[in-house]
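These are my notebook entries on a single model, written down in the order in which I looked things up.

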Amino acid sequence: MGKAEVSNVTVKVSEVLGEGIQGSTYVSRPHKFQITWPGGGGWSASDTMGKSLMQQHGLPPTVDIPLVIMKNEMVGSFRPNVNVVVETIGSMSPNDYINGSIQALQQQGWQILTRDVDEATQGGFISFYNNSLGYQLYQFQRIAVANGKAYVITASQLPPENSLSQQLREELLSILNSFRIIV
């Protein structure tokens, strides 16, 4: 699958320019994070789609989805994507947050493939899949805990089957690994 960053990685506020979507980078000063995606037109980002997803799923006010990044082409009958969810969690530890997330996923029918937590850097990683949607969906999440918030960066794709899937997985992983907390 490639190497996923588990550690919570930071960038200094003095190294961050602008706000919102800028080319293939997104900066959220209110939520204190930055993320990038491959340039060249293969991916698009939306800082408004998350609001409709929040309404659609009836998410509480402690949750925000400031960014959705989507592959411009369908892969099979699915559009691979990455979303960033920011949830206010107070002083909850990464381990407790990830354990709660895993329990919720399992209750929804997801099969957990991997789980990794790095308490020292307040980061984690989960991969999982679901077969009950009429197709098999594969997701992996990078989780960072900072500023009393959990940052959950989720990549979604159909199961890897060929070299095209390998390239897509590498692109999704590069997006997840580009996530930085602004300090």
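**Entry 1**

I began with strand 1 and strand 12 (residues 180-182), which run parallel and are joined by two bridges; strands here are DSSP runs of E of at least two residues, helices are runs of H or I of at least four, and both are numbered from the N terminus. I count two strands as paired if DSSP finds at least two bridges between them. The model is a predicted one, so I note that local features need pLDDT of at least 70 and side-chain atom pairs count only at pLDDT 80 or more, while totals for chains, interfaces and linings use all residues. Residues are numbered from 1 along each chain as its sequence is written, and side-chain values use heavy atoms, with hydrogens and water left out.

Next I looked at strand 9 (residues 123-130), where seven of the eight residues are buried, so the strand is largely enclosed by the rest of the structure. For burial I use relative accessible area with a 1.4 Å probe and protein chains only: buried is under 20%, exposed is over 50%, and partly exposed is in between.

Strand 9 pairs with strand 8 (residues 111-118) in the antiparallel sense over seven bridges, and Val117 stands opposite Gly124 of strand 9. Four residues lie between the strands of this hairpin, in which Gln122 has a positive phi near 65 degrees. With strand 10, strand 9 again runs antiparallel, joined by eight bridges, and Gly123 has Ala144 of strand 10 as its bridge partner. The hairpin of strand 9 and strand 10 has six residues between the strands, and there Gly134 takes a positive phi near 95 degrees.

I also checked Ile112, which is found in strand 8 and is partly exposed at 25% relative accessibility. Its C-alpha lies 4.3 Å from that of Phe128, although Ile112 and Phe128 are 16 residues apart in sequence. Beyond its neighbours within four places in sequence, Ile112 is in contact (heavy atoms within 4.5 Å) with residues including Ile102, Leu105 and Ile126.

**Entry 2: the nonpolar cores**

Which residues have the most contacts inside the largest nonpolar core? I found Ile35, Tyr151 and Phe179, in a core of 26 residues; such a core is a set of buried Ala, Val, Leu, Ile, Met, Phe, Trp, Tyr and Cys residues joined through side-chain atoms within 4.5 Å. Among the elements that each supply at least two residues of this core are strand 4 (33-36), strand 11 (149-157) and helix 3 (163-177), and helix 3 gives the largest share, with five residues. Apart from this core lies another, of 20 residues, among them Ile98, Ile102, Val117 and Ala150.

Leaving aside neighbours within four places in sequence, I listed the contacts of Phe179, among them Val9, Ile35, Val84, Ala144 and Tyr151. I looked up Glu171 as well, since helix 3 is its place, and it counts as buried at 15% relative accessibility. With neighbours within four places again set aside, Glu171 is in contact with Pro38, Trp43 and Lys71.

**Entry 3: two loop residues**

Lys32 is not a glycine, yet it has a positive phi of about 60 degrees. I placed Lys32 in the loop between strand 3 (25-28) and strand 4, partly exposed with a relative accessible area of 38%. Asn147 has a positive phi as well, near 55 degrees; it lies in the loop between strand 10 and strand 11 and is partly exposed at 43% relative accessible area.

**Entry 4: the largest pocket**

Last, I looked up the largest pocket, which holds about 980 Å³ of space. A pocket is an open set of points, on a 1 Å grid over the protein atoms alone, where a 1.4 Å probe fits, with protein on both sides within 12 Å along at least five of seven lines; lining residues have an atom within 4 Å of a point. Grid points are joined across faces, edges and corners, and the volume is the space filled by probe spheres set on them. Of its 30 lining residues, Asn83, Val85, Gln139, Gln141 and Thr154 lie nearest the centre.
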